[in-house]
Amino acid sequence: MAINWFKYSAPSTFYGLAGRLVPWFAVPAAVLFVIGLYIGFFVAPKDAVQGEAYRIIFIHVPASILSMFLYLVMAGYAALGLIFNTRLSSMMATALAPTGALFAFISLWTGALWGKPMWGAWWVWDARLTSELILLFLYFGFIALHASIDDPRRADRAAALLAIVGSVNVPIIYFSVKWWNTLHQGSTIKFSGTSMHVAMQQSMFTLLLACWLYAVAVTLVRVRSIILERERNTLWVSELKEVGL
Amino acid sequence: MKIRQKRLMFIVAGVLGVGVAAWLVLNALKKNVSLYFTPTQVMNKEAPQGRSFRIGGLVEAGSLQREKDGLSVKFIITDTVKSMPVIYKGILPDLFKEGKGVVAQGKMEADGVMHADEVLAKHDENYMPPEAKDALQRAQVAMSGVAAASAITVVK
């Protein structure tokens, strides 16, 4: 069955679809969060070098991966909005930004909490940490730029350019531990395999999936309110049950 | 060419341009982006002279000496090619161990010793339970035993 993608690129049809999709992402996210945290705290063994403190990795790594991944998705939607001039793509980019910023913040925050007991410092200006901080500022910049322009279509275009230019930072974050001497260790998850005990992997990947499902769910909820806000003067919005006059 | 294809080309070209620019900038700043110098780089005089910098490597096995005041330590940082002595007064991080990664910040004095005012531990990206680590070490010892045995037979 071929899906008519163009049908769902109209905010009026996507609004309903997004509403129906939310529980399909939110409920599995909640279940997987519980399972992942349970494995992380009770099943996964302690680490030979770092003892119990390493367990923060189960939050730190999924948050870091998603902060980078969501940025690329956001920049992708922003580019689609520019190229095809579709309103919904730009709304999706706007809806993704706060969640991406949240994950970037969690990544930096848990990293500091982990760095103090293990490395001996909350923060060092190494390439990995600094480029992740720049990612957080790019999210802030995107949100602030979008909010500072009154006309939403102009705001979409200006913020889209920022998002696209900033996407250059994502590979820099990823490869920073390879290209330069850093205090941050290298990647545990590599294309050639993962240098981690199996139960630890299960917890980390379960929580990664949970975080992704959570990100999709909250983005869909947020894009619904953005659609309502921007289309508030249209007939279809005024005919919605939940709007009511 | 349709307008949307033009916009796509514009975006692709823009991202490529910014990417190349970022690559050039980072390449030019390569030395400054790296957090620390290796002992080899310091010996080659690539590290800044007369001011503070960071040096990174492994704590040489058997090199850690504690002074009588209980707070000062002396150890040697090595990259397995060159090594450098470090003096530090303060509390060491828990993961600081001989044979493990370390980053020390301080000034190189005329005596060729780094007087560090900050010592950070660097750990690797491998996570495993203690039992797995023991098994791995035993296997390594066994392997080196095998290697030594085969070396002996070759000599014979």
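In the predicted model, 43% of the contacts in chain B between residues at least 6 apart in sequence join residues at least 24 apart. Chain B comprises four helices and six strands, and from the N terminus on these elements follow the order α-α-α-β-β-β-β-β-β-α. The radius of gyration of chain B is 24 Å, well over the 15 Å that the globule rule gives for 156 residues, and chain B is therefore more spread out than a compact globule. The C-alpha trace of chain B spans about 75 × 50 × 35 Å along its principal axes. Of the 156 residues of this chain, 22% count as buried.

The contact between the two chains draws 36 residues from chain A and 32 residues from chain B. On the side of chain B that touches chain A, two or more residues are given by each of helix H1 (3-28), strand E6 (114-122) and helix H4 (130-155) of chain B. H1(B) supplies the largest share of this side, nine residues. Classified by residue type, the side of chain B that touches chain A consists of 19 nonpolar, six polar and seven charged residues.

On chain A, Gly120(A) lies in the loop between helix H3 (87-118) and helix H4 (127-148) of that chain. Because 23 other C-beta atoms lie within 10 Å, where 20 or more are required, Gly120(A) is classed as buried. Residues up to four places away in sequence being excluded, Gly120(A) touches Pro93(B), Val119(B), Leu120(B) and Ala121(B).

How values were computed:
Residues are numbered from 1 along each chain as its sequence is written. Chains are lettered from A and ligands numbered from 1 in the order in which they are written. This is a predicted model: local features need pLDDT of at least 70, side-chain atom pairs count only at pLDDT 80 or more; totals for chains, interfaces and linings use all residues. A residue is buried if 20 or more other C-beta atoms lie within 10 Å of its own, exposed if 12 or fewer, and partly exposed in between; C-beta atoms are placed from the backbone. Two residues are in contact if their C-beta atoms, placed from the backbone, lie within 7 Å. Ala, Val, Leu, Ile, Met, Phe, Trp, Tyr, Cys and Pro count as nonpolar, Asp, Glu, Lys and Arg as charged, and the others, Gly among them, as polar. The radius of gyration is taken over C-alpha atoms; the globule rule is 2.2 Å times the number of residues to the power 0.38.
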